[in-house]
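User: I want to learn how to read surface patches, chain contacts and strand pairing in a model. Can you take me through them?

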Amino acid sequence: MSGWLDSILQGLLLGALYALFAAGLSLVFGVMRLVNVAHGDFIVLSAFLALALQRLLGFSSPFLTLILLVPLMFIFGYLLQRTVLNPALGEDILRPVLITFGLSVIIQNGLLQAFSADSQKLHGGRLEVASIALPAGLAVGTLPLLTLVVSAALIGLLQWMLYNTRLGRALRATSDDLSTAGLMGVNTPHLFAVAAGIAMVTVAVAGVFTGVRASFDAVSGPDWLIFAFEAVIIGGLGSLWGTLAGGMILGMAQTTGARFSPSWQLLSGHLVFLAILIFWPRGLFPRRME
Amino acid sequence: MIVQPMHAAIRVEQSSSTSRMAGLGALVLIAALFSSPAWLDRGHLSMLMEFFYFLAIAQMWNLLAGFAGIISLGQQAFLGLGGYVLFSLSIQHGWNPIAALLMAGVVGALVAIPGALVVFRLQGAYLAIGTWVVAETFKLAFSEVTSLGAGSGISLPASVARAVSLGPLHRDTVLYAAALLIAFLSTFCSYALLRSQAGLALTAVRDNEATARSAGVNSLRIKLLVFVATGFGTALTGALIYLSKLRISPAAAFDVNWTSYMIFIVVIGGIGTLEGPIAGTLVFFLLRQYLSDLGSWYLILLGVVAVVVMLRMPSGLWGTFAKSRDISLFPTRRRLAYSAADSRATGEVMYPGKEHR
Amino acid sequence: MSLLTVSKLNACYGDFQALFEIDLEANPGEVVAIIGANGAGKSTFLSAIAGNVRSRGNAISLGGEAISGLRPWEIVRRGVALVPEGRRLFSSLSVEENLLIGAYAKKKDAWPLAQIYELFPQLKLKNRLSSLSLSGGEQQMVAIGRALISNPRLLMCDELSLGLAPVVVHDIYETLAAIRDRGVALIIVEQNVKQALAFADRVYCFQEGRVSLTGRANQLKPEQISRAYFGLEGAA
């Protein structure tokens, strides 16, 4: 019994990481209907940048690199959106998909060139192995717990921003009706770029957390994109809390599958995803009328 | 303004003099290509064969994305499936490889039907990633099949490889001919489809599905038809590819890079045209020939070229060229022509068969 | 000096030309009505001024400044607000948020929210509700409020009375009169010719993308207007 409970618990914690992957994707899709196929590669890029920054600046903890990484990734996201992605947005969904696919190839191979194909890891020190004992013989690792806290906090922050600030109001209006938002005084290209920048901030955080938790390499991006994507779809389009729930459901599906056989972990996640897609094509907690 | 005279005879035209000339040229070229095993060396023959199967999968991806509006990032699922069906049938069940090849296509078509059920529930970019997930699921599933080598894959035994030869024709020639045939058929069948009534329906659906539906077009049926047909073709091509490679593994067969190549070829050449994939495959091969020793830089270059072309020349190399000169070698556009002598203007109703907004 | 001067405006959607050499003027505190059949180009005209449809050259000037080619939000900042046809309220936003979004471009200059509620007291009670749950008339009020809150010099209204009961239309036009009295220039596009003539100072009639008639509302004869509306010969 405690074995199952443990699986579920670990699944929830794993899911929090997936939700972290997915938060930026959910925001950007909600605001501008853009699915960035390179999203996972950007997370990998952040992890590598954190690695490089930590080595370069001699930080004791990779988490400290976030001080630089967060503004850096915001600017990167803003510029990328304004120069490359905004021109591609329009009725034709092919262009942004193909462009971001191209970006994905560029990033993966760029990282291969810069860092080789070796597997890498960020070292979080004692945080990585510490754990907290719970009743019923269960234990939670401090790092996964921290991930859960950060993930929920970040999503909560995004949610607060969307519903309680002038910026959030503009983002929601723009996602409802792009051309009318412009007519009401919203500088839509700038706003899209700000949303992309915010998404990149979540990507930076996701990159550091996943880099500490597990090893990664230049081509890990697509795997993470798929988890992010599955979390968003399971949770339902347009809902950030749904994305958190979606991540957790995915995490639990994976850890449950892993109980049968380690190689079944990913497969069970995909199968649950596909099943949910068949029965609830708009996800479990969808928000908007598509 | 269209001036309509009283007794005008209106015809629907599809070909033009350019396309008729091109048709003639194509026949000459195809004859040459079919005969090339007789006069071309093995190395070049093998390169041509690769050209053909890249062209085939590109044409099919183009039909799916450029005409049916289904952007699939998971066609490698069919490629790998076709390969594994071939290996399974010929190794485990003693089928003749050529028969197994055809069966691989059939299995691809059959899998496409429930596949569509899952995949069509999504739209646009989410459809794209959904198909990627399905391909990844295939990869993971096949990695579990120990009888076919699980994660490390399996090689084709020599006995099966030898069975590919047909009478006096050597194995290489048979494979070459099959590749040429598949490339030719994928182009030709796409062309035939687009010229037909179904093709008109397809174009209407791609341009504006809601309007097409209200005009009576069964958009779901036509999209399903295209999805199943490309499932067949891609699986068949996958079987051929792995028959010639003599070894298959999940990581290689279901590699998303196959989709990268399809996208690159179609995007650079010109999406939504039939000439585009031909041009794109040529460019792809040229780049590979001269730059592949650059390793990752070569792929980075491909990515950069794809991004730049998508931003600056969304119609691709061929598309941009064709539009500026209004040329079409595979004419699928339908024009209305007035033949009355006293009409002051010709009307041209554009059913954009090849332009992609 | 007129607030808005449009001179020889041409506007196209791709290859299709929708407006041909439009001349139009609007002054502060004045109501200009644009009438015409469907497809005459009235909404396109408003979109061109608002910046949603790109116009060529320097055909549009506001307060002496050329605004052709500026993006829509830049034009809002210069004091032009639009109440779009069909209202186009934001469905994810509450009533109050819809009002507030109109002030996005004008952080300092905007009307205080309280002033909008003074004008439309019914909205205050429903301010947290989704805009979708309001009646047609109330939605129109939100749309007007959203435009007003940006403190415009020029307010443009596209088909305000569409789908609304006459009593509601009457109330809305009373509100517009109050807005006019504050010195705002008004351009209203109206299907209801009678309503347009009753409220406006000057009228322009559009026909197939051209101005077929213009004059003071109280000086135009009905036959003149019919002819201009339908594009028959003999219009002024």
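The dialogue below takes these features in turn.

Analyst: One point before we start. This is a predicted model.

User: Which residues make the nonpolar surface patch?

Analyst: Phe34(B), Leu181(B), Phe184(B), Leu185(B) and Phe188(B) make a patch of about 440 Å². Helix H7 (residues 171–195) of chain B gives the most to this patch, with four residues.

User: Is Phe188(B) buried, partly exposed or exposed?

Analyst: Exposed would need over 50% relative accessible area, and buried under 20%. Phe188(B) has 44% relative accessibility, so Phe188(B) counts as partly exposed. The residue sits in helix H7 of chain B.

User: Which chains share the most contacts?

Analyst: Two pairs of chains are in contact, and chains A and B share the most contacts. Chains B and C do not touch. Their nearest C-alpha atoms lie 11 Å apart.

User: How do I read a strand such as E9 of chain C?

Analyst: Start with the general idea. In a regular strand, side chains alternate between the two faces of the sheet. Now the case. Strand E9 (residues 202–207) of chain C has five of its six residues buried.

User: Which strands does E9(C) pair with, and is each pairing parallel or antiparallel?

Analyst: Strand E3 (residues 31–36) of chain C runs parallel to E9(C), joined by five bridges. There, Ala33(C) stands opposite Val203(C). Strand E10 (residues 210–216) of chain C pairs with E9(C) in the antiparallel sense, over six bridges. Here Arg202(C) has Arg216(C) as its bridge partner.

User: What lies between E9(C) and E10(C) in the hairpin?

Analyst: Two residues lie between the strands. In this hairpin, Glu208(C) takes a positive phi near 50°.

Methods. Residues are numbered from 1 along each chain as its sequence is written. Chains are lettered from A and ligands numbered from 1 in the order in which they are written. This is a predicted model: local features need pLDDT of at least 70, side-chain atom pairs count only at pLDDT 80 or more; totals for chains, interfaces and linings use all residues. Side-chain values use heavy atoms; hydrogens and water are left out. Patches are made of residues with over 30% relative accessible area and no salt bridge: like charges are joined within 9 Å, nonpolar side chains (Val, Leu, Ile, Met, Phe, Trp, Tyr) within 5 Å. Accessible areas come from the Shrake-Rupley method with a 1.4 Å probe; for residues, only the protein chains shown count as cover. A salt bridge is a side-chain nitrogen of Lys or Arg within 4 Å of a carboxyl oxygen of Asp or Glu. Buried means under 20% relative accessible area, exposed over 50%, partly exposed in between (1.4 Å probe, protein chains only). Contact means heavy atoms within 4.5 Å. Two strands pair if DSSP finds at least two bridges between them.
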